[in-house]
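Keep the viewer open as you read.

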Amino acid sequence: MTRMPYKIYLSEEEIPKKWYNLQADLGDRLTPFIHPATGKPCTKGDLTPIFCEGVVDQELNRTDQYIEIPEGIQSYYQMYRPSPLIRAYELEKKLGTPAKIYYKFEGMNTSGSHKLNSAAAQVYYAKEQGITKVTTETGAGQWGTALAMACAHYGIDLQVFMVRTSFEQKPYRKAVMETYGANVIPSPSDTTQVGRKILIDHPGTGGSLGCAISEALEVALNTENCRYVLGSVLNHVLLHQSIIGMETKAAMDQYGIEPDIMIGCAGGGSNLGGFIAPFMGERLQGKNAIRFIAVEPASCPTLTRGKFTLDFGDTGRMTPLIKMYTLGNGFIPSPTHSGGLRYHGMNPILSELRHGGELEARSYEQSEVFEAAVYFAQVEGILPAPESAHAIKAAIDEAILAREEGQEKTIAFALSGTGYFDLSAYESYQRGEMIDQETTVEVLEEGFQTIPTIE
């Protein structure tokens with residue numbers, strides 16, 4: 001076997017031309033979206049007033065294992081892809097572990113994260129349909145930045161509702177989005193009916209992704225020739241992010257690398273789902289026995305303490321009902337620094353895999369996550385996003401366990417983004433001012449009370 005270099009880059013010709021559709025592997029295991037008014041599965045006609053037709057077709061596609069990436073999206077991908085698969089030799093040495101550690105680094109574009117993979121696709125389909133404006137939410141700001149970049153490229157107007165906590169913590173994210181032409185509004189806001197209601201019900205709230213989604217949906221439904229685009233959670237977003245996993249698999253196959261453990265942070269699920277997609281597909285087909293681990297914040301423990309049931313995807317209850325792990329659509333998490341992981345629900349595919357036992361889940365407090373982030377930055381030289389640092393923490397824990405057990409394991413994790421807009425969070429950690437936010441049983445129960453009762 002050829003020795004693994006520090007970084008593997010595929011050539012432009014080797015960038016995958018197809019996405020991997022995990023829905024085809026799961027088939028009837030997945031519960032369809034349910035129309036809250038009729039109680040029946042949503043049709044294409046139910047979804048197209050909200051989303052672009054191209055992504056609705058992908059959302060409902062449970063038969064095609066591979067879906068062609070249009071040339072117009074391939075050419076955009078070539079501006080910043082492929083991303084490198086990196087062997088963490090220095091981290092292995094520092095930990096004194098027999099484990100081999102690899103990470104797929106998605107931070108090498110202006111948005112600083114994996115989000116551009118789906119932003120480019122969704123805006124492309126909007127342009128093809130003749131849509132002139134899109135709306136969205138953003139937590140940490142990486143999705144909003146990626147979407148602003150894509151909208152500038154394809155010539156479409158963009159309005160972003162940014163979770164207020166992140167809006168205040170990360171002002172330069174707003175500046176970057178505005179540089180690319182986006183209109184950015186802190187959420188909840190007084191510009192929408194649902195935003196005003198949330199402010200009345202929760203005065204002083206820092207907001208949540210569920211709140212921001214509701215506001216973006218309201219604007220999309222009440223604006224001519226406008227559609228809503230989502231940065232995570234839904235299956236078509238995970239599909240677009242499978243470019244990460246397809247590249248990872250191609251790189252590993254070149255060097256005969258067979259992972260034992262694959263790890264990713266999980267907020268809505270697109271980064272983790274995209275990273276593991278082709279590998280999980282093979283596991284479902286009985287071709288491997290990889291352990292897959294989702295890592296989330298203890299302050300928003302969707303997969304570790306949530307309920308697997310039908311729920312709305314937003315606080316304003318404007319979405320279809322989605323079968324997923326959820327903390328309740330009314331759950332508003334503590335204002336931690338991992339804004340991209342502060343969502344009450346989880347992608348339906350990952351939820352089903354968690355429910356079926358194919359996906360493990362664990363949660364960490366933010367102080368221990370930042371401890372791992374600083375350690376990784378000092379050893380490997382990359383400042384990770386707080387969200388991505390959850391995966392780093394789990395990878396380090398698994399590598400230490402391998403050392404203690406004397407086992408040679410191959411660990412791969414998704415480094416989904418950089419933390420250069422999160423310096424206030426790093427400063428808080430370095431000063432010893434970072435506070436872990438306990439999610440009590442009482443807080444969880446309050447959120448669970450907002451889950452609709454389905455007869």
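**Starting from a leucine**

Leucine 147 touches Ala119, Val123, Val134, Thr136, Leu158 and Val229, once residues up to four places away in sequence are set aside. Bear in mind as we go that this is a predicted model. In soluble globular proteins, nonpolar side chains tend to be buried together. Here, the largest nonpolar core has 103 residues. Leu147 is among those with the most contacts inside that core, together with Trp19, Val134 and Tyr228. Apart from this core lies another one, of 37 residues, which includes Ala99, Ile101, Phe376 and Ile396.

Now to the aromatic rings. A pair of them is described by the distance of the centres and the angle of the planes. The structure holds 14 aromatic pairs. One of them is formed by phenylalanine 51 and tyrosine 228, with 5.9 Å centre to centre and 50 degrees between the planes, a tilted arrangement. This pair links distant parts of the chain, 177 residues apart: phenylalanine 51 is in the loop between helix H2 (44-47) and helix H3 (53-59), while tyrosine 228 belongs to strand E9 (residues 226-228). Both phenylalanine 51 and tyrosine 228 are buried.

How are the rings of tyrosine 124 and tyrosine 154 arranged? Their centres are 6.2 Å apart and their planes meet at 70 degrees; because an angle over 60 degrees counts as edge-to-face, that is the class of this pair. Tyrosine 124 sits in helix H6 (residues 116-129) and tyrosine 154 in helix H7 (residues 142-154), so the pair links parts of the chain that are 30 residues apart.

Our last stop is phenylalanine 421, found in the loop between strand E15 (410-415) and helix H18 (423-430). Is phenylalanine 421 buried, exposed or partly exposed? Its relative accessible area is 27%, and because that value falls between the 20% and 50% limits, phenylalanine 421 is partly exposed. Leaving aside neighbours within four places in sequence, phenylalanine 421 is in contact with Lys170, Tyr172, Arg173 and Val176. Phenylalanine 421 and glycine 141 are 280 residues apart in sequence, yet their C-alpha atoms are 9.0 Å apart in space.

Notes. Residues numbered from 1 in each chain as written. Predicted model: local features only at pLDDT ≥ 70, side-chain atom pairs only at ≥ 80, totals over all residues. Heavy atoms only, no water. Core = buried A, V, L, I, M, F, W, Y, C linked by side-chain atoms within 4.5 Å. Buried < 20%, exposed > 50% of the residue type's maximum accessible area, 1.4 Å probe, protein only. Contact = heavy atoms within 4.5 Å. Helix = DSSP H or I, 4+ residues; strand = E, 2+ residues; numbered from the N terminus. Phe/Tyr/Trp six-rings, centres within 6.5 Å; stacked < 30°, edge-to-face > 60°.
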